[in-house]
Every structure is written in C-alpha cells, then in structure tokens.
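Please brief me on this protein. I want the overall fold, then the sheet, the helices and a few single residues.

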Amino acid sequence: MKINLKNGIDKLLFGMKQNDVVALYGKPNRNYKDEDDNVIFAYNALKMRLTFYKDEELKLGYIVASSPDLELFGNTIIGKKISAVKKELATKNITKFTEEDFDTFENYFNEDNWFILQTEFEEVVKFEIGAIINAKDEFDWKFKK
C-alpha cells in the first residue's frame, strides 16, 4: 500500500466520505465515535484506522496504519529501524522531525507533510498521516467529487 504524502494512503484520499471508503474497501470491522464525536473506521486486514472529522462534514482527515505492506517512496517502513527510514527520507529532502517520547515509544513528526513515524525499540511500528492545512488555515481536501 503506497503512502501518498499530503494525499492519503493507497486509494484513500483526504476528504472522502464514509460511503466513498465503503465503496472501495467494504464495511469496516469496527465503526465507532471518539470523544470528539469523530467517526472512526477500523479495517483489520488493512491494519488501518480512519478518522472522519465531525467538524468537517465527516470527511476523512486522518489515517493510522501499521501494515507491513506500507510503502513510502517505494520502500517499506514498518519493522525497519528509524535510522534507516530517516536516511531514506533524507534522500527526498525530508529531514525535519519533532521528536516526542512516551514510555518505550517515540514519535517522529514531520510537519511539512503532516505525518508521524511511531517507533518502539527504535523500529517503526506505526505510521500516521493527516490532511494538510493550507495557508488560509483550512484543510486542503484532495478528494473532489
């Protein structure tokens, strides 16, 4: 599954509605609301959790994925050492990361592309990507119907 920075993952594009996603991947294994009343879809086989923002007409705005099939610039990232992934990203001029520690986990956040590489024991275990906010402080939705 190809990660498309600033756009989504695989066939998922930021701005899709729930019915667009169901048309692509079928019904989710879990469907629930978070504390902010956003709708969450979880797909077990894809190892993805999708967030549809309540305040944005329930458009897809955030994806958390942990599938070993995830590819960024043609390279898999899950299960790889963070140092190797950062080295590969540096060849694409992605070098700025804000680092945060949580117990045994570390997050490497790249604001320019709005993604997080989450690691545990120096290996990437999760990838999170969100819709980009443009200069007008609005979401830059990629899905146009």
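The points below go from the whole chain down to single residues.

This is a predicted model, in which local features need pLDDT of at least 70 and side-chain atom pairs count only at pLDDT 80 or more, while totals for chains, interfaces and linings use all residues. Residues are numbered from 1 along each chain as its sequence is written, and side-chain values use heavy atoms, leaving out hydrogens and water. The protein has 2 helices and 12 strands. Helices (H or I, at least four residues) and strands (E, at least two) are DSSP runs, numbered from the N terminus.

**Overall build**

- From the N terminus on, the elements run β-β-α-β-β-β-β-β-β-α-β-β-β-β.
- The radius of gyration is 15 Å, close to the 15 Å that the globule rule gives for 145 residues, so the protein is as compact as a globular protein of that length. This radius is taken over C-alpha atoms, and the globule rule is 2.2 Å times the number of residues to the power 0.38.
- Along the principal axes, the C-alpha atoms fill a box of roughly 40 × 35 × 30 Å.
- Of the 145 residues, 41% are buried. Buried means under 20% relative accessible area, exposed means over 50%, and partly exposed lies in between (1.4 Å probe, protein chains only).
- Take the contacts between residues at least 6 apart in sequence: 40% of them join residues at least 24 apart. Contact means heavy atoms within 4.5 Å.
- The accessible surface comes to about 8,400 Å², and 45% of it belongs to carbon and sulfur atoms. Such areas come from the Shrake-Rupley method with a 1.4 Å probe; for residues, only the protein chains shown count as cover.

- Eight strands form an open sheet in the order 3-4-5-6-12-11-10-9, with antiparallel pairing. Two strands pair if DSSP finds at least two bridges between them.
- Strand 3 (30-33) and strand 9 (98-102) stand at the edges. Each has a single partner strand, so one side of each is left without a neighbour in the sheet.
- On average, neighbouring strands of this sheet are turned by 20 degrees against each other, direction ignored. Axes are lines fitted to C-alpha atoms, for helices over the stretch in contact, and angles run from 0 to 180 degrees between N-to-C directions.
- Strand 6 and strand 12 pair over 4 bridges in the antiparallel sense. Tyr62 has Gly130 in strand 12 as its bridge partner.
- Strand 11 and strand 12 also pair in the antiparallel sense, over 6 bridges. Here Ile116 is bridged to Glu128 in strand 12.

**The helices**

- Helix 1 lies across strand 4 (39-43) and strand 5, and runs at about 5 degrees to strand 4.
- Helix 2 lies across strand 9, strand 10, strand 11 and strand 12, and runs at about 155 degrees to strand 11.
- In helix 2 (residues 82-90), Ile82, Val85 and Leu89 are buried. They cover an arc of only 65 degrees around the axis, which puts them on the same side of helix 2. The arc is that of the directions from the helix axis to the C-beta atoms.
- An α-helix has 3.6 residues a turn, so residues three or four places apart point the same way.
- The cover over the buried residues of helix 2 includes strand 7 (71-72), strand 10 (105-110), strand 11 (115-120) and strand 12 (123-130).
- Ser83 and Lys87, on the other side of helix 2, are exposed.

**Residues to look at**

- Asp10 sits in the loop between strand 2 (8-9) and helix 1 (18-25). Its phi is near 55 degrees, a positive value in a residue other than glycine. Asp10 counts as partly exposed, at 30% relative accessibility.
- Leu58 lies in the loop between strand 5 (48-53) and strand 6 (59-65). The phi of Leu58 is near 55 degrees, a positive value in a residue other than glycine. At 27% relative accessibility, Leu58 counts as partly exposed.
- Tyr32 is in strand 3. It counts as partly exposed, at 29% relative accessibility. Leaving aside neighbours within four places in sequence, Tyr32 is in contact with Asn38, Val39, Ile40 and Arg49.
- Tyr32 and Gly79 are 47 residues apart along the chain, and their C-alpha atoms are separated by 28 Å.
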